[in-house]
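Read the following alongside the sequence and the coordinates.

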Amino acid sequence: MEKLAAVKGMNDILPPDSARWEWLEDKVRGLMGRYAYRNIRTPILEHTQLFVRGIGEVTDIVEKEMYSFEDRSDKHGDHDHLTMRPENTASVVRAVTEHNLLYDGGKRLYYMGPMFRRERPQRGRYRQFHQIGAEALGFAGPEVDAELILLAAALWKELGLTDWRLEINSLGQPEERAQHRAQLIAHFEQHADALDEEAKRRLHSNPLRILDTKNPAMKAVVESAPRLIDFLGSQSLAHFEGLKAILDANSIPWTLNHRLVRGLDYYNLTVFEFVTDRLGAQGTICAGGRYDYLIEQMGGKPAPAVGWALGVERVLELIKEQGALVEHPVPDAYAVIPEASALPVVLQTLQALRAAGISVQMHASTTPEGMGSMKSQFKRADGSGARFALIFGADELAEGRVAVKPLRSEKAGSAQVQTLQPLNDVAAWAQMLCSKTAV
């Protein structure tokens, strides 16, 4: 029969590589807890209209990239239009609005999980990709913008990442952006011969996105365009200055990038990106901004909000590029079992060890003929990374004991002494097997 394969751009995550994902997720959970952010989990499938309204019809995501379909009809012939989530901010806002989470004040939330976009797969960009995001809803001040940036910077430190830079900008408020938009359109109309087809298509529907072009031929016309910051009023400037003061006080280096924009109307004030030069064209590892108008746009009561999302695949790729240390889990002990007749006693002992918090990998037969040779079992024990082998030999079992053999020296040159431990008092020696370090 023909061998089946995964869908293009949707990848399996296999051991031992999956341990890197678990390591990252554990780091994130610990850090989010220290910042008092709480986990939220939203469905992968949402009504298509959520993303049309939340992201905008005139965007590449909605126009080209969403996985959307009509669900099966019900008994009345009605059917839902559904989409696999291409991002999660809209889903978080929908959940917050639907369940009235802000009734007693602001909320700090985080999520992690798969997103889906149908685009050409390449390094760091896949059709099923994963994001970790943090959203602070119900808070209006620049201190929460800064808190989220400090949270991301703290995560980079936890992960051992140093090759990044922070770019920031302010989009001001809608009325300020409208004045800038008019001047921006006029500027690009004067240089229409320098625009590519994508820019011409966006000129009147989404001109801000032209500033974010990657086309080098348009560099001059983009750099000479009116700057949004020159249209900001006193309150918008004060918000931006408040953010910069907090970043400076915490020694977070930043660069003002006038071309850093978001093309959606609900974004306002602060926008930011963490960027690296190590991943080629896919250099943005985390992006965020303030979206004070999205909750109202989704049908909720007006409330301010700000958040960011990072690409898990890109962050893991950057960790690999920089050679940052990633801990891989190994068992504390490996059970070597010469004869299958010992299995009832072996399993009873291993269950007692696991109940005591000890990680134990049991040797298991791969053929009906038996457990395999002692040599092959010790080879597997050594390959597992375990610090100890538990040898359930016939002589040891006859005495009600198990042989505990160290497989790795605690110190260079130290003796590896095999001991015998009682099977009827596992708790007395269980903690001796605990791994001190990951291998």
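Buried here means under 20% relative accessible area, exposed over 50%, and partly exposed in between, with a 1.4 Å probe and protein chains only. This is a predicted model, in which local features need pLDDT of at least 70, side-chain atom pairs count only at pLDDT 80 or more, and totals for chains, interfaces and linings use all residues. Residues are numbered from 1 along each chain as its sequence is written, and side-chain values use heavy atoms, with hydrogens and water left out.

The unreviewed UniProt entry lists Glu 87, Asn 88, Thr 89, Arg 117, Gln 131, Glu 135, Arg 262, Tyr 266 and Tyr 267 under "binding site". UniProt positions are in the numbering used here, feature names are shortened, and annotations may be inferred rather than shown by experiment. Two of the listed residues can be followed further. Helices (H or I, at least four residues) and strands (E, at least two) are DSSP runs numbered from the N terminus. Arg 117 sits in the loop between strand E5 (107-116) and strand E6 (128-137). Its relative accessible area is 17%, so Arg 117 counts as buried. With contact taken as heavy atoms within 4.5 Å, and residues up to four places away in sequence not counted, Arg 117 touches Ile 61, Glu 65, Tyr 67, Pro 86, Glu 87, Tyr 126, Arg 127 and Phe 129.

Arg 262 is found in the loop between strand E8 (255-256) and strand E9 (268-275). Arg 262 is buried because its relative accessible area is 13%. Under the exclusion of residues up to four places away in sequence, Arg 262 touches Leu 171, Leu 208, Tyr 267, Val 271, Phe 272, Glu 273, Ala 287 and Gly 288.

Strand pairing comes next. Strands of a sheet pair through backbone hydrogen bonds, either parallel or antiparallel. Two strands are taken as paired if DSSP finds at least two bridges between them. Strand E2 (residues 45-47) runs antiparallel to strand E4 (residues 81-84), with three bridges joining them; His 47 has Leu 82 of E4 as its bridge partner. Strand E3 (residues 67-70) is also antiparallel to E4, through four bridges, and Glu 70 is partnered there by His 81.

Helix H11 (residues 312-322) is mostly covered, with eight of its 11 residues buried. Among these buried residues are Val 312, Arg 314, Leu 316 and Ile 319. Their cover includes helix H1 (17-34), E6, helix H5 (142-159), strand E10 (284-290) and strand E11 (305-311). After H11 comes Gly 323, whose phi is positive, near 70 degrees.

A nonpolar core is a set of buried Ala, Val, Leu, Ile, Met, Phe, Trp, Tyr and Cys residues joined through side-chain atoms within 4.5 Å. The largest has 93 residues, and Trp 156 and Trp 308 have the most contacts inside it. H5 gives the most to this core, with 12 residues. Rings of Phe, Tyr and Trp (its six-membered ring) pair if their centres lie within 6.5 Å; planes under 30 degrees apart count as stacked, over 60 as edge-to-face and the rest as tilted. The count is four aromatic pairs. Trp 156 and Phe 274 form an edge-to-face pair because their planes are at 75 degrees, with ring centres 5.6 Å apart. Trp 156 in H5 and Phe 274 in E9 are 118 residues apart. Ring pairs link Trp 156, Trp 164, Phe 272 and Phe 274 into a cluster.
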